[in-house]
Amino acid sequence: MQAIGQDVPQVLCSQSRQHRATEVQHGDLPMRAMESAQTPAPPPHAMSDGLELRPKYKGVLHCLTTIWKLDGLRGLYQGVAPNVWGAGLSWGLYFFFYNAIKSYKTEGRAERLEATEYLVSAAEAGAMTLCITNPLWVTKTRLMLQYDGVVNASQRQYKGMFDTLLKIYKYEGVRGLYKGFIPGLFGTSHGALQFMAYELLKLKYNQHTNRLPEAQLSTVEYISVAALSKIFAVAATYPYQVVRARLQDQHMFYNGVLDVITKTWRKEGIRGFYKGIAPNLIRVTPACCITFVVYENVSHFLLGLREKKK
């Protein structure tokens, strides 16, 4: 799930901008575009994996300023529509499936679930959610990674979420909408680890403070528990996000998951699998904390109303 761990690594976002800036500076962009239009595309086996096209950003601030100079505010929000739809749908489905699976496993049972049972329940919920939301994450990746050397936004390959979905289906079929699905399934371990850590941290904290296991925490306590569980899950599973995003990138050519891993390791080493983790944590941790705080407080409020009616 994107919202729970399927975010496009920041190193890939708007990767052509630095390349385009150089072309504009030397005045050869029109010539490059004309040559590109007149030259037949090379066969797939002759194409590179796209690594040489990436700009070399010097850090988060340099990346932000480069995007701002070349694409303005619009560039900073590329892919926001499928991200909003995907995040909302993912969280809603995930909580629904997760609680349904937990309820099924605890029905007629006095003792609480074990850590491994929380892990498996979360993984099952993640896999079910991914089956529904994967096309949205492919769409988001394609919109964010449009680096074809064209400055004019009207000439971009994709012009919005629905346009992207239709074009992917038209030219690549259902298979195109489910690119990166296999590493995405491995990525359900992110949500599984996060929810397992979240449940156990809540339980241990309540035991430490001599409260009931299901006792409601304060907003600050929920934020702290959610942040710690998110950081733990991201640190443990971030490499799969890099692999998945590179498989979904329309400008890069790989023969599968193992090919991505091999080429990334050979050309970039271990650091290649963790590129963009800092801005990723800065972006997803606050959203995760807000989601869990709202979920927990609304859940306790609704449960309270139900008990009053009884």
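Colleague: How many aromatic pairs does the structure hold?

Modeller: The structure holds 13 aromatic pairs, where rings of Phe, Tyr and Trp (its six-membered ring) pair if their centres lie within 6.5 Å, and planes under 30 degrees apart count as stacked, over 60 as edge-to-face and the rest as tilted. Please keep in mind that this is a predicted model, in which local features need pLDDT of at least 70 and side-chain atom pairs count only at pLDDT 80 or more, while totals for chains, interfaces and linings use all residues. Residues are numbered from 1 along each chain as its sequence is written, and side-chain values use heavy atoms, with hydrogens and water left out.

Colleague: How do the rings of W91 and F95 sit?

Modeller: Their centres are 5.5 Å apart and their planes lie at 25°, so W91 and F95 are stacked. Both are in helix α4, 4 residues apart, and are therefore separated by about one helical turn; helices here are DSSP runs (H or I, at least four residues), numbered from the N terminus.

Colleague: And what about F95 and Y295, how are those rings placed?

Modeller: The rings of F95 and Y295 are also stacked, because their centres are 4.0 Å apart and their planes are at 15°. This pair links distant parts of the chain, with F95 in helix α4 and Y295 in helix α10 (residues 277-309), 200 residues apart.

Colleague: Is F95 buried or exposed?

Modeller: F95 is buried, at a relative accessible area of 10%, given that buried means under 20% relative accessible area, exposed over 50% and partly exposed in between (1.4 Å probe, protein chains only). Y295, at 25% relative accessibility, counts as partly exposed.

Colleague: Switching to packing, at what angle do α4 and α7 cross?

Modeller: The axes of α4 (residues 80-106) and α7 (residues 181-208) cross at roughly 60° and come within 13 Å; axes are lines fitted to C-alpha atoms, for helices over the stretch in contact, and angles run from 0 to 180 degrees between N-to-C directions. The two helices are therefore oblique to each other, since angles under 35 degrees count as roughly parallel, over 145 as roughly antiparallel, 65 to 115 as roughly perpendicular and the rest as oblique.

Colleague: Which residues make that contact?

Modeller: On α4 the contact is made by W91, Y94, F95, Y98 and K102, and on α7 by G191, A192, Q194, F195 and E199, where contact means heavy atoms within 4.5 Å.
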